[in-house]
Amino acid sequence: MEIQASTAVQSFSEIGDIMDDSPNPAVPISGSQKLPVLVIIEHHVLARTCILSILNRELAGFEIVEMATTSGLNWLSGRDVRLIALNIGDKEVTDPSIERTLALLAESYPNAYVALLSNRNDEATASAAMQRGVRGFFPTSIPVEVAIAGLRLVLAGGVYRPLPIIGQDEASNLNKMPAYTGPPELSVVHDSSGASKIMPERTMVDLTPREQHVLAALKLGLPNKLIAVKLKLSENTVKMHIQHIMRKCSARNRTEAVVRWSERLSGHNGHAR
């Protein structure tokens with residue numbers, strides 16, 4: 001009788017391990033075959049469940065699937081997997097096991113974006129991740145709202161890295177932007193005597209320090225929510241600054257404002273009137 005009980009316990013344990021590696025969709029698979037899939041690979045059940053709950057609330061239009069290991073990916077063969085988020089914990093990206101996993105993900109789902117969750121928050125780890133094709137690097141120390149905005153950016157085809165480790169030159173722009181010192185644009189002004197004077201236009205010079213901070217963030221391709229978190233502003237304030245920047249740059253959209261800023265810094269003045 002004791003032998004039978006021991007065998008039963010072992011059988012249930014094995015079944016539990018198998019189920020833990022099987023994908024757990026947020027919605028019934030039968031009703032979501034056409035939805036794009038976002039996969040969360042996290043070994044710890046509690047963390048996995050919390051992430052799943054947050055993503056279900058924040059990312060509509062995706063089937064969120066969670067699993068403990070990459071072995072569960074076999075269950076998603078033929079599905080439209082858009083993003084795979086893998087928690088590597090304290091491991092280095094250069095760890096052989098992580099490199100094998102990244103190679104497996106690239107081979108199994110070449111069209112899926114890969115994001116890493118990490119307990120590390122240093123430049124070397126982030127750079128190593130980006131060099132291996134990772135599109136999103138998310139330290140577990142960042143706020144939830146920032147992580148969600150970063151995931152949206154990756155899903156839209158962008159690349160996310162926390163601002164403190166983007167690169168010294170770019171990150172410092174957000175905290176201390178110097179006044180515009182590039183060659184000024186010139187315009188011709190006629191005075192009362194009929195003489196012509198060449199005067200510099202004040203289009204970029206008139207940017208306030210805060211607008212310069214926002215413009216530097218736009219140059220990094222950051223969405224409004226991330227800019228707001230970094231600069232400790234509300235999203236509405238960020239939108240207001242972007243509107244001011246576009247008006248002062250005579251730009252029709254944020255991308256054009258960034259392009260014109262870059263042209264001015266490089267000394268090119270030909271922009272559409």
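The model is predicted. Helix α9 (residues 235-248) packs against helix α7 (residues 209-219) at an angle of about 90°. Helix α2 (residues 45-58) is described by its span and by its buried residues.

**Helix α2**
- Helix α2 comprises 14 residues, which at 1.5 Å a residue should span 20 Å; the end C-alpha atoms are 20 Å apart, in agreement with that expectation.
- Arg48, Leu52 and Leu55 are the buried residues of α2.
- Because these residues cover an arc of only 75° around the axis, they lie on the same side of α2.
- Leu46 and Arg57 are exposed and sit on the face of α2 turned away from its buried side.

**Helix α9**
- The buried residues of α9 are Val238, His241, Ile242, Ile245 and Met246.
- These residues cover an arc of only 135° around the axis, and are therefore on the same side of α9.
- On the face turned away from the buried side, α9 carries the exposed residues Asn236, Gln243 and Arg247.
- Ser250 follows α9 and has a positive phi, near 55°.

**Packing of α7 and α9**
- The axes of α7 and α9 are 10 Å apart and meet at an angle of about 90°.
- The two helices, α7 and α9, are therefore roughly perpendicular to each other.
- On the α7 side, the contact is made by Arg210, Glu211, Val214, Leu215 and Leu218; α9 contributes His241, Ile242, His244, Ile245 and Lys248.
- By class, the residues of the contact of α7 with α9 comprise 5 nonpolar, 2 polar and 3 charged.

**Asn224 in helix α8**
- Asn224 is found in helix α8 (residues 224-231).
- Its relative accessibility is 15%, so Asn224 counts as buried, the cut-off being under 20%.
- Apart from neighbours within four places in sequence, Asn224 is in contact with Glu235, Val238, Lys239, Ile242 and Arg254.

**Thr125 in helix α4**
- Thr125 lies in helix α4 (residues 123-131).
- With a relative accessibility of 1%, Thr125 counts as buried.
- Leaving out neighbours within four places in sequence, the contacts of Thr125 are Glu92, Val93, Ser118, Arg120 and Phe137.

Definitions and conventions
Residues are numbered from 1 along each chain as its sequence is written. This is a predicted model: local features need pLDDT of at least 70, side-chain atom pairs count only at pLDDT 80 or more; totals for chains, interfaces and linings use all residues. Side-chain values use heavy atoms; hydrogens and water are left out. Helices (H or I, at least four residues) and strands (E, at least two) are DSSP runs, numbered from the N terminus. The expected span of a helix is 1.5 Å times one less than its number of residues. Buried means under 20% relative accessible area, exposed over 50%, partly exposed in between (1.4 Å probe, protein chains only). The arc is that of the directions from the helix axis to the C-beta atoms. Contact means heavy atoms within 4.5 Å. Axes are lines fitted to C-alpha atoms, for helices over the stretch in contact, and angles run from 0 to 180 degrees between N-to-C directions. Angles under 35 degrees count as roughly parallel, over 145 as roughly antiparallel, 65 to 115 as roughly perpendicular and the rest as oblique. Ala, Val, Leu, Ile, Met, Phe, Trp, Tyr, Cys and Pro count as nonpolar, Asp, Glu, Lys and Arg as charged, and the others, Gly among them, as polar.
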